[in-house]
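Subject: The structure you were waiting for

Hello,

Here is the structure to open on your side, and my notes come below it. Please have a look at it before you read on.

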Amino acid sequence: SNDAKPVSLRQVALLGYAEESRALAEEVSPDTEIWGINAAHYFLRRKAHYWFQLHPRGWTTGGGEATCYFGRPKEYFEWLRKFEGTLYLLEVDPDLPNGTVFPTEPLLREFGRKYLTSTFAYQLCLVLFQHLHGLPVGRLHLYGINLTTEEEYAKQRPCAEYWLGRLEQAGVEVIIPTASALL
């Protein structure tokens, strides 16, 4: 007799800011893991499981004034402090004791290439790593991720597509809304 149990495949939805498709994250099945970035919680109405704040504390958008809250208002920082899922940071932050340092080194050892030009690339790389190491993903949804601004299109989109290709090669079904420039 075969005592092997079927492997349960996870569904993961990455959530970005693009208005054209971010609301679709609300429609995925309740068992889908939601992985958010930066301040995308402002428009998310359901529980997120993982959150990625991979900018340095002094980072600013568009050359604006540094807030020491990752380029966001203090309210965002307070939201991060209360986040109940896994909060990924690039380094230890004593003001965010609930934070976990993103496992960059194990990923680089596994894949041998440091091609991570955006938070989405870090997320995609982590999904692939988990998929290959006992946490298999059957379906990956990308919502609110268009990568169409000049910098995104030139630097971030090719990197995201690299990791998406590797995910598809590994057997993950990738779901991308037509509003996105990806693939």
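What follows is a short tour of the chain, its pocket and a few residues.

First, how to read it. This is a predicted model, where local features need pLDDT of at least 70 and side-chain atom pairs count only at pLDDT 80 or more, while totals for chains, interfaces and linings use all residues. Residues are numbered from 1 along each chain as its sequence is written, and side-chain values use heavy atoms, with hydrogens and water left out.

The overall fold

The protein chain holds four helices and seven strands. Here helices (H or I, at least four residues) and strands (E, at least two) are DSSP runs, numbered from the N terminus. Read from the N terminus, the elements come in the order β-β-β-α-β-β-α-α-β-α-β. The chain is as compact as a globular protein of its length, because its radius of gyration of 17 Å is close to the 16 Å that the globule rule gives for 183 residues. That radius is taken over C-alpha atoms, and the rule is 2.2 Å times the number of residues to the power 0.38. Along the principal axes, the C-alpha atoms fill a box of roughly 65 × 35 × 35 Å.

Of the 183 residues, 46% are buried. Buried means under 20% relative accessible area, exposed means over 50%, and partly exposed is in between (1.4 Å probe, protein chains only). The chain exposes about 9700 Å², and carbon and sulfur atoms supply 50% of that. These areas come from the Shrake-Rupley method with a 1.4 Å probe; for residues, only the protein chains shown count as cover. If we take contacts (heavy atoms within 4.5 Å) between residues at least 6 apart in sequence, 54% join residues at least 24 apart.

The largest pocket

How much space lies in the largest pocket? About 690 Å³. A pocket is found on a 1 Å grid over the protein atoms alone, with a 1.4 Å probe: it is an open set of points with protein on both sides within 12 Å along at least five of seven lines, and lining residues have an atom within 4 Å of a point. Grid points are joined across faces, edges and corners, and the volume is the space filled by probe spheres set on the points.

The lining of this pocket has 27 residues, and those closest to its centre are N38, H55, S118, E152 and Q156. Helices α3 (119–132) and α4 (150–169) each supply at least two lining residues, and α4 gives the most, with four. By class, the lining has eleven nonpolar, eleven polar and five charged residues. In this count Ala, Val, Leu, Ile, Met, Phe, Trp, Tyr, Cys and Pro are nonpolar, Asp, Glu, Lys and Arg are charged, and the others, Gly among them, are polar.

Q156 lies in helix α4 and is buried, at 13% relative accessible area. Apart from residues up to four places away in sequence, Q156 touches T117, S118, L147 and E151. N38 sits in the loop between β2 and β3 (50–53), and at 7% relative accessibility N38 is buried as well. Its phi is near 45 degrees, a positive value in a residue other than glycine. Most residues other than glycine have a negative phi.

I37 lies in strand β2 (residues 33–37) and is buried at 4% relative accessibility. Its C-alpha atom is 5.7 Å from that of W51, 14 residues apart along the chain. Beyond four places in sequence, the contacts of I37 include W51, F52, T119 and F120. F52, in strand β3, is buried at 0% relative accessibility. With residues up to four places away left out, F52 touches W35, G36, I37, N38, Y88, F102, T119, Q123 and L126.

Is R57 buried or partly exposed? R57 is partly exposed, at 23% relative accessibility, and belongs to the loop between β3 and α1 (74–82). Its contacts beyond four places in sequence include C68, Y69, D93 and D95. L183, in the segment after β7 (173–175), is exposed at 57%, and its phi is near 50 degrees, again positive in a residue other than glycine.

Happy browsing, and best wishes
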